[in-house]
Amino acid sequence: MAKPTDEVKRRMGALWYYRRRIDSDLDRLEQLRSIAERVTPTISPTPGGAGGGREEAWAGIVDLETEILEDLKEVHGLTEEIRYYIDQLDNYQERLVMEMRYISCMKFEAIADKMNYDIRSVTRLHGSALQKIAQSWRR
């Protein structure tokens, strides 16, 4: 049986997925640009036969840039949604943990380090915040 907090964690965790996907796409974009700049166009007597490698690389770049822009729109929407719920928390420590975890995509160990807390305290604050957010989560 799913816990009330499962949907909240799934939705907030989607931000991590999109950010990692964008990072991966940016790496691919850099590779494609490198290829496009290295490919030397060839002269061909047939119409449309010249520069195929370069044209394909640039077409791939345009397609990938479009995907990245779509993902960035999704990230923006998710960030706004997540911030809305985090901002509803009364406890500033819970807000801080949730912001670092879901907006900054930090691991619990890094959050604990930054806040000078032990991991157990951070996970307790996280769990408490999830419970509170789950109560007001719009479905």
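Contact is taken here to mean heavy atoms within 4.5 Å. The structure is a predicted model, in which local features need pLDDT of at least 70 and side-chain atom pairs count only at pLDDT 80 or more, while totals for chains, interfaces and linings use all residues. Residues are numbered from 1 along each chain as its sequence is written, and side-chain values use heavy atoms, with hydrogens and water left out.

The protein chain has five helices and zero strands, and its elements follow the order α-α-α-α-α from the N terminus. Helices (H or I, at least four residues) and strands (E, at least two) are DSSP runs, numbered from the N terminus. Of the contacts between residues at least 6 apart in sequence, 67% join residues at least 24 apart. The chain holds 139 residues, and 33% of them are buried; buried means under 20% relative accessible area, exposed over 50%, and partly exposed in between (1.4 Å probe, protein chains only). The protein chain exposes about 9100 Å², with carbon and sulfur atoms supplying 51% of that area, as given by the Shrake-Rupley method with a 1.4 Å probe.

Two packed helices are described by the angle between their axes and the distance between the axes. Helix α1 (residues 4-38) and helix α5 (residues 119-136) have axes that come within 9 Å and cross at roughly 100 degrees. This makes α1 roughly perpendicular to α5, a label for angles of 65 to 115 degrees (under 35 is roughly parallel, over 145 roughly antiparallel, and the rest oblique). Axes are lines fitted to C-alpha atoms, for helices over the stretch in contact, and angles run from 0 to 180 degrees between N-to-C directions. On the α1 side, Pro4, Thr5, Val8, Lys9 and Met12 meet His126, Leu130, Gln131, Ile133 and Ala134 of α5. Sorted by class, this contact has six nonpolar, three polar and one charged residues.

Turning to the aromatic rings, the count comes to two pairs, where rings of Phe, Tyr and Trp (its six-membered ring) pair if their centres lie within 6.5 Å; planes under 30 degrees apart are stacked, over 60 edge-to-face and the rest tilted. The ring centres of tyrosine 17 and tyrosine 18 lie 5.1 Å apart with planes at 70 degrees, so this pair is edge-to-face. Tyrosine 17 is partly exposed at 46% relative accessibility, whereas tyrosine 18 is buried at 19%. Tyrosine 84 and tyrosine 85 form an edge-to-face pair as well, at 5.0 Å centre to centre and 85 degrees between the planes. Here tyrosine 84 is partly exposed, with a relative accessible area of 44%, and tyrosine 85 is buried, at 2%.

Definitions and conventions: Ala, Val, Leu, Ile, Met, Phe, Trp, Tyr, Cys and Pro count as nonpolar, Asp, Glu, Lys and Arg as charged, and the others, Gly among them, as polar.
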